[in-house]
Amino acid sequence: MGEIAFFDVETTTPDGAGRKFCLLEFGAILVCPRKLVEVDSYCTLIRPGDLSMVPPKRLSGITREAVAAAPMFEEVADQIFEILNGRVWAGHNIQRFDCPRIREAFAEIGRPAPEPIGVIDSLAVLNRGFGRRAGDLKMATLASYFGLGQQKHRSLDDVRLNLEVLKHCATVLLLESSLPQILPNRSTGSLEMVTRSRANGRSCGEEASRKSPPTSLGNHRAVPYKKDKLGKVMERAKDALHGAQGTRPLKTLLKHSRLLLR
């Protein structure tokens with residue numbers, strides 16, 4: 001298997017019945033599945049056919065002025081096709097949002113869409129394996145839980161954050177399965193899967209809602225490790241991974257998060 005393509009798209013918000021999403025940004029990184037390191041990247045803003053669909057100002061920085069000078073989708077379609085076609089696709093909630101947007105964009109210019117050889121949807125993976133350990137499965141919540149910084153709602157930043165979140169979640173699951181008496185499984189069950197919200201273009205809060213499931217978990221927030229102990233957990237992870245030399249990192253780590261290639 002070649003590199004895994006982690007990708008993300010940012011879009012306009014359909015306003016009214018019958019209106020479609022329009023791509024505003026595409027970003028992707030190619031990741032070596034044996035070393036889990038980024039080997040290449042590509043990112044571009046995309047100018048929609050109707051600039052009036054883009055708000056004058058968005059907190060993410062993708063403004064009408066910014067995309068006005070960007071290339072149209074047909075001008076970058078070759079690069080996007082080359083990055084995605086024949087690779088494993090990965091991302092957060094991509095099966096319900098990003099994958100359909102890519103296929104729609106290629107259909108609109110009358111070209112065949114790229115096809116994956118497998119899909120890793122980190123939302124589905126973490127829903128099954130990681131559950132409510134961080135409270136919910138929003139990318140922003142998971143990033144904050146692991147101290148990885150804030151989600152920026154920009155394609156390239158978000159896919160890089162996605163990879164780091166997935167590594168951290170898999171490490172916790174690996175440690176729990178390896179040290180059950182010391183680190184018992186603290187999951188309180190999986191979260192109900194939902195689609196992204198259609199309200200994605202006018203604030204980062206709205207953008208976040210389309211990226212991940214809602215936080216309607218009542219007042220319960222399951223956090224398995226105290227803040228001052230999380231660093232110790234990650235240190236143990238380094239020792240565990242050091243002892244796994246000679247194995248395949250992707251298989252060793254992600255099998256504990258019940259990774260499914262479909």
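Helices and strands are here DSSP runs, numbered from the N terminus: a helix has at least four residues (H or I), and a strand has at least two (E). The model is predicted. Just after helix α4, glycine 131 takes a positive phi of about 60 degrees.

**Helix α4 and its cover**

Helix α4 spans residues 122-129, and seven of its eight residues are buried. The buried residues are Ser122, Leu123, Ala124, Val125, Leu126, Asn127 and Gly129. Which elements cover them? Among them are the strands β4 (88-91) and β5 (118-121), together with the helices α5 (139-145) and α6 (155-178). At the start of α4, the backbone nitrogen of leucine 123 has a side-chain oxygen of aspartate 121 within 3.0 Å.

**The nonpolar cores**

The largest nonpolar core holds 27 residues, and those that touch the most other members are Phe6, Ile29, Leu126, Phe130, Leu142, Val165 and Cys169. At least two residues of this core come from each of β1 (4-11), β2 (23-31), β4, α4, α5 and α6. Helix α6 gives the most, with nine residues. Cysteine 169, leaving aside its neighbours within four places in sequence, is in contact with Leu126, Phe130, Leu142 and Phe146. Another core, of 25 residues, lies apart from the largest one and includes Phe7, Leu30, Val76 and Ala113.

**Aromatic pairs**

A pair of aromatic rings is described by the distance of the centres and the angle of the planes. The count comes to eight aromatic pairs, and two of them are set out below.

| Pair | Centre to centre | Angle between planes | Arrangement |
|---|---|---|---|
| Phenylalanine 26 and tyrosine 42 | 6.4 Å | 45 degrees | tilted |
| Phenylalanine 130 and phenylalanine 146 | 6.1 Å | 50 degrees | tilted |

Phenylalanine 26 lies in strand β2 and tyrosine 42 in strand β3 (residues 38-45), so their pair ties together parts that are 16 residues apart in sequence. Phenylalanine 26 counts as buried because its relative accessibility is 0%. Tyrosine 42, with a relative accessible area of 19%, is buried because the limit is under 20%. Phe26 and Tyr42 also belong to one aromatic cluster with Phe7 and Trp89.

Phenylalanine 130 is in the loop between α4 and α5, and phenylalanine 146 is in the loop between α5 and α6, so this pair ties together parts that are 16 residues apart in sequence. Both phenylalanine 130 and phenylalanine 146 are buried. Over the face of phenylalanine 130 lies arginine 133, at 5.3 Å from the ring centre. Arginine 101 lies over the face of phenylalanine 97, at 5.0 Å from the ring centre.

Note on methods
Residues are numbered from 1 along each chain as its sequence is written. This is a predicted model: local features need pLDDT of at least 70, side-chain atom pairs count only at pLDDT 80 or more; totals for chains, interfaces and linings use all residues. Side-chain values use heavy atoms; hydrogens and water are left out. Buried means under 20% relative accessible area, exposed over 50%, partly exposed in between (1.4 Å probe, protein chains only). Contact means heavy atoms within 4.5 Å. A polar contact is a pair of N or O atoms within 3.5 Å; within protein, one must be able to donate a hydrogen and the other to accept it, and residues adjacent in sequence count only if both atoms are side-chain atoms. A nonpolar core is a set of buried Ala, Val, Leu, Ile, Met, Phe, Trp, Tyr and Cys residues joined through side-chain atoms within 4.5 Å. Rings of Phe, Tyr and Trp (its six-membered ring) pair if their centres lie within 6.5 Å; planes under 30 degrees apart count as stacked, over 60 as edge-to-face and the rest as tilted. A charge sits over a ring if NZ of Lys or CZ of Arg is within 6 Å of the ring centre and within 35 degrees of the ring normal.
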